[in-house]
Amino acid sequence: MLDDPIETGFALGDTAAFLVNHLVEATTFAALVALLALLLRRSSARVRYRLLGVAAAKFFLPSALIVSLASALGWSLPNLRSLTWSPADRLVVNGAGGALVAALIAVWCLGAVFACCRLLRAKGQMKAWLRDSRPVESEEPVAGALAAAMRRSGLPVAPRWGHPLQARWVEGLASPAVWGLRRPYLLLPLAIDRHLSREELDAVLLHELEHLRRRDHWAGALQRALRVVFWFHPLVWWLDQRLLAERERACDERVVALGGQPRHYARGLLKVVRLGIGGLRPTAMAAATASDLERRIAQILHGPPERSPHRWTHAAASAAVVMLLGLSVVLAGQGRCDVRLLTIDPAERLSADVDGSDVVRAACVKPPEPCMEG
């Protein structure tokens, strides 16, 4: 019954404990993995991108879910109860604190709704621009360059699943971009083929097709969802920016590896930036920041670092991530849902065998068996 103060308090206490535990756990895990990615600055961007992706994905995967799955499968976790401390074990909320917790959860939800509305508005704006765009005709020069770039990147013209890529001209667009999930579009600024040489155009198109081959448009959608849910978290926003930067660098490395001339490629990027000043930059699409462009061009021209980490370094980093994930799951399995919020009528007095004072009871109820929490 929602109108029962005792049962309402219990539910609110459990929710607050779960959220606190998950935020502390995900933040700690993501910070450690992100630090590990920063230490591998001489590795390829692909390696750092994967590490940062795991760090961001942890916010979507509470360890309590993994613990529940393990329990359902009959797996037992190591008992480290004497070495663990759960934030929920120290979270004691009285009547006034319960109102504050409820208010914070309400603000969280309202912020997520506002961020989601902004995202839907940007999506509607993109659909309006698509309606005003026109397809790239097969006899246009850019169509031949696109077909050649698709062959070099290994993308099928007619994919087995989903819809084939459609290229469209968008007036005023700042730079080429891939947009759409099930039905992807390659959006091109008008007359880009007249400002770039064939070599420069090939490299720029190859970069965008690499985004499509890597399914970065799906990864970008997940990042936007992460920003909506955890709109208040600075680490989430930092991870979003670093993922974007490493994704762009990974595509740059792939273009050069496929035979793109570094000078032509760098010159093409600079021309695209100059042509795109003042153009449309849809918020529904990922776009590289201008501050990162200088470092990207330097990396394109000078190539990867002379001394890259050995394979065993990457293997050790992967093992460290697996160990951190396993440790977070084991620690979550040791937690007990000990926090219960009890709302007491102010007129109620405790029995004289306590101390006779007028206090509000905030109890940590010890269940007979451990229960799962984030």
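Let's start inside helix H5, where the buried residues are Val142, Ala143, Ala145, Leu146, Ala148, Ala149, Met150 and Ser153. Here "buried" means under 20% relative accessible area, while exposed means over 50% and partly exposed is in between, using a 1.4 Å probe and protein chains only. Helices (H or I, at least four residues) and strands (E, at least two) are DSSP runs, numbered from the N terminus. Keep in mind that this is a predicted model, where local features need pLDDT of at least 70 and side-chain atom pairs count only at pLDDT 80 or more, though totals for chains, interfaces and linings use all residues. Residues are numbered from 1 along each chain as its sequence is written, and side-chain values use heavy atoms, with hydrogens and water left out.

What covers those buried residues of H5? The cover includes strands S2 (166-170) and S4 (185-189), along with helices H6 (192-195), H7 (198-213) and H9. H5 itself runs over residues 141-153, and its 13 residues reach 19 Å from first C-alpha to last, close to the 18 Å expected at 1.5 Å a residue. That expected span is 1.5 Å times one less than the number of residues. Just after H5 comes glycine 154, with a positive phi of about 85 degrees.

Now hop to H2 (residues 45-57). Its end C-alpha atoms are 18 Å apart, which agrees with the 18 Å that its 13 residues should span. Buried residues in H2 include Tyr49, Leu51 and Leu52.

Next, look at a pair of helices. Two packed helices are described by the angle between their axes and the distance between the axes. The axes of H8 (residues 216-229) and H9 (residues 234-257) come within 10 Å and cross at roughly 170 degrees. Axes are lines fitted to C-alpha atoms, for helices over the stretch in contact, with angles from 0 to 180 degrees between N-to-C directions. H8 and H9 are therefore roughly antiparallel to each other, a label for angles over 145 degrees.

Which residue lies in the loop between H8 and H9? Histidine 233 does. This histidine is buried, with a relative accessible area of 10%. Leaving aside neighbours within four places in sequence, histidine 233 is in contact with Leu23, Thr27 and Phe59.

Finally, step back: the protein chain has twelve helices and four strands, and 41% of its 374 residues count as buried.

Conventions
Angles under 35 degrees count as roughly parallel, over 145 as roughly antiparallel, 65 to 115 as roughly perpendicular and the rest as oblique. Contact means heavy atoms within 4.5 Å.
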